[in-house]
Amino acid sequence: MAGHPGLAEAPILDAVSIPRHLAVIMDGNGRWAKARGLSRTQGHRQGVVAVRNIVASATKIGIEYLTLFSFSSENWSRPATEIAELLGLLKLFIRKDLSTLKKQNVRVLVIGGRADLSADLVDLLEMAEERTAGNTGMTLVIAFNYGSRSEMTDMVRRLAREVEQGRLASDQISEEMISSSLYSAGIPDPDVIIRTSGEKRLSNFLLWQAAYAEFVFVDCNWPDFDEQQLILALEEYGRRNRRFGGLAEEDCQGSKKIVASGG
Ligand code: IPE
Ligand code: IPE
Ligand code: MG
């Protein structure tokens with residue numbers, strides 16, 4: 001109980017509710033703003049406040065990897081002013097929050113295409129990765145200009161080139177090789193994907209990596225998503241029965257338990 005010396009503070013969540021990797025589709029900034037008579041820009045700005053809070057909560061909860069979908073490869077189809085605002089907010093977040101992230105022992109990784117980003121933004125993202133590379137706490141994965149289909153297209157091209165050049169035989173291509181040829185190389189698959197705003201789709205997010213992820217869809221818009229909402233979503237995840245194609249232990253009825261290969 002808090003405040004009693006010698007007694008450990010009760011954990012916020014049971015171990016089963018703490019995913020190793022939580023990925024979040026942060027959706028609904030525009031609708032949050034519209035409902036309040038504000039501009040979409042104001043919705044995105046409030047979205048950054050929610051990002052800060054969720055990073056702090058996830059660190060406190062003991063999540064190892066937190067991936068935040070912050071700009072999709074399809075978001076380039078939005079009006080130029082909105083794109084400029086979103087790019088500006090990413091830059092501002094890195095510039096303003098990097099010292100806090102360092103204090104929180106957070107390691108930053110960025111996944112997504114870099115070829116269509118400006119040189120100064122790429123430099124900034126690389127700087128954030130380099131300056132936090134030695135941090136040993138949570139890994140914050142920022143999915144920016146990310147789209148699964150282009151990630152997979154890049155991967156296929158890279159492997160095809162290896163085959164073309166005689167360095168790889170096609171039958172050597174394995175699931176592990178594919179995983180380690182994606183932007184997310186080295187990052188474990190997400191255990192749970194939360195999407196806010198009531199939409200129930202992946203919108204081209206982590207299609208390969210989500211093979212055995214649990215999905216939790218919450219109705220609130222991203223700027224309203226706080227620690228309490230996060231805990232409720234993770235409790236729901238903790239109640240799921242993950243089987244990875246095998247059987248739940250109680251259904252094995254004395255026969256040799258099939259060890260699940262996922263997670
Ligand atoms: C999420 O909010 C932020 C991004 C996709 C960049 P939206 O901007 O998609 O908000 P809605 O869906 O229009 O409410
Ligand atoms: C998904 O949200 C992308 C991000 C949260 C960054 P969108 O708002 O772009 O998705 P759709 O267009 O509703 O599918
Ligand atoms: Mg949206």
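A: Let's start with a word we'll need: a residue is near a molecule if one of its heavy atoms lies within 4 Å of it. This is a predicted model, where local features need pLDDT of at least 70, side-chain atom pairs count only at pLDDT 80 or more, and totals for chains, interfaces and linings use all residues. Residues are numbered from 1 along each chain as its sequence is written, chains are lettered from A and ligands numbered from 1 in the order in which they are written, and side-chain values use heavy atoms, with hydrogens and water left out.

Take ligand 1. There are 13 residues around ligand 1, and Asp 27, Gly 30, Arg 31, Arg 40 and Arg 78 come nearest. Now for polar contacts (pairs of N or O atoms within 3.5 Å; within protein, one must be able to donate a hydrogen and the other to accept it, and residues adjacent in sequence count only if both atoms are side-chain atoms). The side chain of Asp 27 has an N or O atom 2.9 Å from an oxygen of ligand 1. Arg 31 uses a backbone N or O atom, 2.7 Å from a ligand 1 oxygen, while Arg 78 brings a polar side-chain atom to 2.7 Å from an oxygen of ligand 1. Alone, ligand 1 exposes 380 Å², and the protein buries 86% of that (areas come from the Shrake-Rupley method with a 1.4 Å probe; for residues, only the protein chains shown count as cover).

Which elements build that shell? Two or more residues each come from α1 (29-35), α2 (40-61) and α3 (80-103), and α1 has the largest share, three residues. Helices here are DSSP runs of H or I with at least four residues, strands are E runs of at least two, and both are numbered from the N terminus. By class, the shell around ligand 1 holds two nonpolar, six polar and five charged residues.

Now turn to ligand 2. Asp 27 and Arg 78 are among the residues around ligand 2, along with others including Phe 69, Ser 70, Asn 75 and Arg 201. An N or O atom in the Asp 27 side chain is 3.2 Å from an oxygen of ligand 2. For Asn 75, a side-chain N or O atom is 2.9 Å from a ligand 2 oxygen, and for Arg 201 a polar side-chain atom lies 2.8 Å from one. On its own, ligand 2 exposes 390 Å², of which the protein buries 78%. Strand β2 (residues 65-72) gives the most to this shell, four residues. Sorted by class, the shell around ligand 2 has four nonpolar, four polar and four charged residues.

Terms used. Ala, Val, Leu, Ile, Met, Phe, Trp, Tyr, Cys and Pro count as nonpolar, Asp, Glu, Lys and Arg as charged, and the others, Gly among them, as polar.
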